[in-house]
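Thanks for making time this morning.

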Amino acid sequence: ETLIVQRGESNGSASGANLQAINNELVESIESLRQRREELAHEILREQEERLAVEHDLAILNERWQRIQESLERKDESVRAYDQTIVNTEAAYRKIVESANTLLEVLRRETVHMSGRRSGSSLRS
C-alpha cells in the first residue's frame with residue numbers, strides 16, 4: 001500500500017483514521033456491490049424459470065393451435081363437399097322435375113288423344 005501524505009500532515013493518527021475511513025467505505029461499497037449482484041442473480045434465476053414456464057405454455061398453445069387449425073381445415077373441406085353435393089343434387093332434382101313435366105305433358109296429350117279416339121269410336125258405333 002502506498003500512502004500519500006499531504007503537506008502539513010503528520011504520519012500520525014490523522015492519516016490512520018483517514019485510511020480507516022476509506023477502508024470502511026471501500027468495504028461497504030464492495031459489500032453493496034456483492035449484495036446487488038446476488039439480487040440480480042436471484043432475479044435472473046426467477047426470470048429463467050418464468051421463461052421456461054412460458055416456453056412450456058407456448059408449446060402447449062402451439063400444439064392446441066395446430067389441432068384447431070387441422071380441425072378447421074377438415075371442416076372447411078367437409079363444407080365444400082356438402083356444397084358440391086347440394087349443387088349436384090339440385091341439378092339432378094331440376095332434371096327430374098323437367099323430366100316429370102315432360103312426362104306429364106306427354107301423358108296429357110296421350111290422354112286427350114286416347115279420349116278423342118274413344119269418343120270418335122263411340123260415335124261410329
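**Salt bridges and surface**

Let me start with Arg 36, which forms a salt bridge with Glu 39, the closest N and O atoms being 3.3 Å apart; a salt bridge here is a side-chain nitrogen of Lys or Arg within 4 Å of a carboxyl oxygen of Asp or Glu. Residues are numbered from 1 along each chain as its sequence is written, and side-chain values use heavy atoms, with hydrogens and water left out.

Arg 36 and Glu 39 are three residues apart in helix H1, so about one helical turn separates them; helices are DSSP runs of H or I with at least four residues, strands are runs of E with at least two, and both are numbered from the N terminus. Arg 36 also pairs with Glu 43, where the closest N and O atoms are 3.8 Å apart, and in this way Arg 36, Glu 39 and Glu 43 are linked in a network of salt bridges.

How accessible are these residues? Arg 36 is partly exposed at 40% relative accessible area, Glu 39 is partly exposed at 36%, and Glu 43 is partly exposed at 30%, where buried means under 20%, exposed over 50% and partly exposed in between, with a 1.4 Å probe and protein chains only. The structure holds four salt bridges, including one between Arg 37 and Glu 38 at 3.3 Å for the closest N and O atoms; Arg 37 counts as exposed at 55%, while Glu 38, at 42%, is partly exposed.

Turning to the nonpolar side, Ile 22, Leu 26 and Ile 30 make a surface patch of about 270 Å², the patch rule being over 30% relative accessible area, no salt bridge, and nonpolar side chains (Val, Leu, Ile, Met, Phe, Trp, Tyr) joined within 5 Å, or like charges within 9 Å. Ile 30 lies in helix H1, residues 13-124, and is partly exposed at 43%.

Overall, the protein has one helix and zero strands, and buried residues make up 2% of its 125 residues.

Finally, the average pLDDT, the predictor's confidence in each residue from 0 to 100, is 89, with 86% of the residues scoring at least 70. Over residues 1-9, however, the pLDDT is below 50. Where pLDDT is low, the predicted coordinates should not be read in detail.

Notes. Predicted model: local features only at pLDDT ≥ 70, side-chain atom pairs only at ≥ 80, totals over all residues. Areas by Shrake-Rupley, 256 points an atom, 1.4 Å probe, with all protein chains shown as cover. Contact = heavy atoms within 4.5 Å.
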